[in-house]
Amino acid sequence: MASVTFRRAFAASAVSERLAMQVYSLRMSRGWTQEKVAEETGMAQPRISALESDCHNVTLATLRRLADAYDVALQVKFVPFSSLLTETVVDVADKPVASFNLDRSPIERYQIWSGFSSNQKQSAPVHMTINPSPSVRLSASTPKPTAAPKITEAYTQYVQ
Amino acid sequence: MGSWRVSKYVKDNGRCPIDEWLDSKAVTENDIAALEAKIAVIETVEGKLPPETVKKLQGHDVKELKVRGDKKQLRPLCVVVPERHLIILCGAIEKGGKLPKGDLQRASGLAKEIEKGKGRVEDYFKD
């Protein structure tokens, strides 16, 4: 990794390979055919096939279409090379990615956020009553954090 | 169920064909980076590999690992053995959509050596 040439080529390939692996495993986990993905994304089937083997020149727009089809979030960010290396060699490349309806983590993340938000570190976290779907009801047993109302409102809209 | 393991074949005389290929002038630093990234990612896969990643070569008992190299298509030749274990035999570069016959014959010979219990395999990334 000391060589600039090497690390740039490694990073480009690692990202491309992991993406291709995810495109394939997302389809497998849903039990979809390439034709079905093509239909859902509005892309041609050979393009889906190509993306499953190589995401070298993929655009953000294409990735967004895939994310929308599978109802998952797309995250793109700049990171130090050490983070990329860790992710490349440690994180499971074909880890299942739940669609929104099967994903409870936004709610869990909200609970964590509300428990550790400013001015509330020492008090009990806001309790949430989670109905299976689609509504989420928030019942506060403790005073809400200062910034909570706005976020709660936004969040409730998000989950509904 | 664990993830894939990638190894390289080392002959009885201690020579490692894939290492020798990577040291050759035909392979650049960018090529090595691309191959290592591919292997690193494969080693984090727990399920099936996409069919285009490791492709069976018609009429041959070896498979090709498809890697986009530095303005060329790298095709390290390998065999897949049970328990998600991929053994890289030697290197090849696709020319005009085809693999050089010599490389294919060499890979087949190395695969037969493994069948006969000759040589040894070493993890591609030692640590």
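Which strands of chain B does helix 3 (residues 101–115) lie across? Select that helix to find out. Helix 3 of chain B lies across strand 1 (5–10), strand 6 and strand 7 of chain B. Helix 3 runs at about 130 degrees to strand 7. Axes here are lines fitted to C-alpha atoms, for helices over the stretch in contact, and angles run from 0 to 180 degrees between N-to-C directions. Helices (H or I, at least four residues) and strands (E, at least two) are DSSP runs, numbered from the N terminus.

Before moving on, know what is on screen. This is a predicted model, where local features need pLDDT of at least 70, side-chain atom pairs count only at pLDDT 80 or more, and totals for chains, interfaces and linings use all residues. Residues are numbered from 1 along each chain as its sequence is written, while chains are lettered from A and ligands numbered from 1 in the order in which they are written.

**Stop 1: the sheet of chain B**

Select the strands in the order 2-3-6-7-1-9. They make an open sheet of 6 strands with mixed pairing. Two strands pair if DSSP finds at least two bridges between them. Strand 2 (54–56) and strand 9 are the edge strands, each pairing on one side only. Neighbouring strands of the sheet are turned by 40 degrees against each other on average, direction ignored.

Now zoom in on strand 6 (residues 77–81) and strand 7 (residues 85–90) of chain B. They run antiparallel and are joined by 5 bridges. Pick B:Val79. Opposite it stands B:Ile87 in strand 7.

**Stop 2: B:Arg120**

Go to strand 9 (residues 120–123) of chain B, where B:Arg120 lies. Why does B:Arg120 count as partly exposed? Because it has 14 C-beta neighbours inside 10 Å. A residue is buried if 20 or more other C-beta atoms lie within 10 Å of its own, exposed if 12 or fewer, and partly exposed in between; C-beta atoms are placed from the backbone. B:Arg120 and B:Lys63 are 57 residues apart in sequence and 19 Å apart in space, C-alpha to C-alpha.

**Stop 3: where the chains touch**

Show both chains. The contact takes 24 residues from chain A and 20 residues from chain B. Two residues are in contact if their C-beta atoms, placed from the backbone, lie within 7 Å. On the chain B side, helix 2 (residues 29–42) gives the most, with 9 residues.

**Stop 4: chain A**

Chain A has 7 helices and 2 strands. From the N terminus on, its elements run α-α-α-α-α-α-β-β-α. Of its 160 residues, 21% are buried.
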